[in-house]
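This briefing gathers selected local features of the chain shown below. Please read the points alongside the sequence and the coordinates.

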Amino acid sequence: MWTDRKWLVYVLDQLLLNAIKYRSKTPMLTFSVVTEPGVVHLTVHDNGCGIKEEEIPRIFNKGFTGSNGRKETYKSTGMGLYFSKRILDRLGHPIVVQSEVSKSTDMTISFYQLSDYANLTKVSH
């Protein structure tokens, strides 16, 4: 699977910062990888405050902080996920969000194996 290492690090950093910022009193953060033919799905799962269902379609909008981000506790700008989504779109990596208020949030990035990536440098581990 191919990607741009620098920009992927930025995106993962944003997802981790959000998971930490919106953590529960007993925080838990897990990563999982599911491999299917031609695609790898990376999921970042947290057990934080979650995102309201009606707000999920807007979390990647420029400046959108949602009802959680407007609280004095979090002081969100609404730019981290906005930039992350733009980067992922340009890299060709879709992101899917599933969340349940007061329980958890899953952010899943998909990495497709495309023949167009054949001349790019593979991400090193």
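In this predicted model, the buried residues of helix α3 are Gly80, Leu81, Tyr82, Ser84, Ile87, Leu88 and Leu91. These buried residues pack against α1 (5–21), β3 and β4.

**Helix α3**
- Helix α3 comprises twelve residues, 80–91, and at 1.5 Å a residue it should span 16 Å; its end C-alpha atoms lie 17 Å apart, which agrees.
- An α-helix has 3.6 residues a turn, so residues three or four places apart point the same way.

**The β3–β4 hairpin**
- Strands β3 and β4 pair in the antiparallel sense, with six bridges.
- Glu100 is positioned opposite Ser104 of β4.
- The two strands, β3 and β4, form a hairpin with three residues between them.
- Ser102 lies in the loop between β3 (95–100) and β4, and its phi is near 70°, a positive value in a residue other than glycine.
- Ser102 counts as exposed because its relative accessibility is 61%, over the 50% cut-off.

**Ser110 in β4**
- Ser110 belongs to strand β4, which covers residues 104–112.
- With a relative accessible area of 6%, under the 20% cut-off, Ser110 is therefore buried.
- Leaving aside residues up to four places away in sequence, Ser110 touches Val39, Val40, His41, His93 and Pro94.

Note on methods: Residues are numbered from 1 along each chain as its sequence is written. This is a predicted model: local features need pLDDT of at least 70, side-chain atom pairs count only at pLDDT 80 or more; totals for chains, interfaces and linings use all residues. Side-chain values use heavy atoms; hydrogens and water are left out. Helices (H or I, at least four residues) and strands (E, at least two) are DSSP runs, numbered from the N terminus. Buried means under 20% relative accessible area, exposed over 50%, partly exposed in between (1.4 Å probe, protein chains only). Contact means heavy atoms within 4.5 Å. Two strands pair if DSSP finds at least two bridges between them. The expected span of a helix is 1.5 Å times one less than its number of residues.
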